[in-house]
Amino acid sequence: MEIQLQELIDQIKKDGVEAAESEAGSIVSSAKAEAEKIVSDAKAEAEKILADAKAQNEKMVKSSEDAIRQAGRNLLISFRESVARELKSVVSENVTAVYSSKDLQKLIVSTVENWASKPDAEDISVILNSGDLKAFEEAILASLKEKVLKGVTLKASNNFDGGFRIAVNNGEAYYDYSAEAVVDMLSNYLSPKVTELLKEAE
């Protein structure tokens with residue numbers, strides 16, 4: 001009886017130890033799996049953070065490069081516009097200087113001579129602003145008479161400041177030599193040449 005009791009105690013101990021060992025193994029295995037999952041999740045999160053940071057950095061670099069390019073374009077456009085304004089101002093000063101001097105008379109007479117030489121040009125009218133007409137009328141008419149250019153009339157118009165316009169064939173065609181038209185024409189002609197000079201200077 002005593003032997004059976006001892007065997008029973010030993011069996012209970014054995015079963016308890018085995019159960020405890022099995023439970024411990026299960027706990028260790030579960031803990032190990034959990035630890036591996038935590039490490040895997042942490043690694044995935046770290047890679048995601050790194051990828052996001054890299055993408056954000058690339059986006060910032062591209063944005064900065066785009067901003068620098070745009071600033072460069074804006075600066076170039078602003079500079080060209082500034083040069084164009086300055087060029088137009090210089091041209092305007094020179095045209096105004098010519099048109100406010102006696103050179104205007106010579107220019108009108110020379111232009112009228114050229115138009116009068118065309119076989120189909122009839123009834124030539126020279127249109128000036130009122131101030132220029134008053135200042136130059138006598139001298140221009142004297143020069144035209146001297147060159148025997150008949151059928152040329154002088155008219156006043158306050159639609160432009162300086163220079164002149166020529167109308168032929170009873171006003172069928174107008175040719176604009178006003179200060180504004182000449183400044184625009186010269187500026188448009190000179191702008192590409194100035195642009196080329198600026199490119200050469202780069």
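These legends walk through several close-up views of a predicted model.

In this model, local features need pLDDT of at least 70 and side-chain atom pairs count only at pLDDT 80 or more, while totals for chains, interfaces and linings use all residues. Residues are numbered from 1 along each chain as its sequence is written, and side-chain values use heavy atoms, with hydrogens and water left out.

View 1. Helices (H or I, at least four residues) and strands (E, at least two) are DSSP runs, numbered from the N terminus. Of the 202 residues, 19% are buried; buried means under 20% relative accessible area, exposed over 50%, and partly exposed in between (1.4 Å probe, protein chains only).

**View 2. Four strands make an open sheet in the order E2-E1-E3-E4, with mixed pairing.** Its edges are strand E2 (152-156) and strand E4 (173-178), each pairing on one side only. From one strand to the next, the twist averages 20 degrees. Two strands pair if DSSP finds at least two bridges between them; strand E1 (residues 124-128) and E2 do this in the parallel sense over 5 bridges. Look for Ile124, which stands opposite Val152 in E2.

**View 3. Ser187 sits in helix H4 (residues 179-201).** Ser187 counts as buried because its relative accessibility is 7%. Setting aside neighbours within four places in sequence, Ser187 is in contact with Leu87, Lys88 and Val91. Contact here means heavy atoms within 4.5 Å.

**View 4. Lys48 and Asp52 form a salt bridge.** The term covers a side-chain nitrogen of Lys or Arg within 4 Å of a carboxyl oxygen of Asp or Glu. In this pair the closest N and O atoms are 3.1 Å apart. The two residues are 4 residues apart in helix H1 (residues 2-99), so about one helical turn separates them. Lys48 is partly exposed at 48% relative accessible area, and Asp52 is partly exposed at 41%.

**View 5. Further along, Lys62, Glu65, Asp66 and Arg69 are linked in a network of salt bridges.** Asp66 bridges to Lys62, with the closest N and O atoms 3.0 Å apart. Glu65 bridges to Arg69, where the closest N and O atoms are 3.9 Å apart. Glu65 and Arg69 both lie in helix H1, 4 residues apart, about one turn of the helix. Asp66 is partly exposed at 32% relative accessibility, as is Arg69, with a relative accessible area of 45%.

Conventions
Axes are lines fitted to C-alpha atoms, for helices over the stretch in contact, and angles run from 0 to 180 degrees between N-to-C directions.
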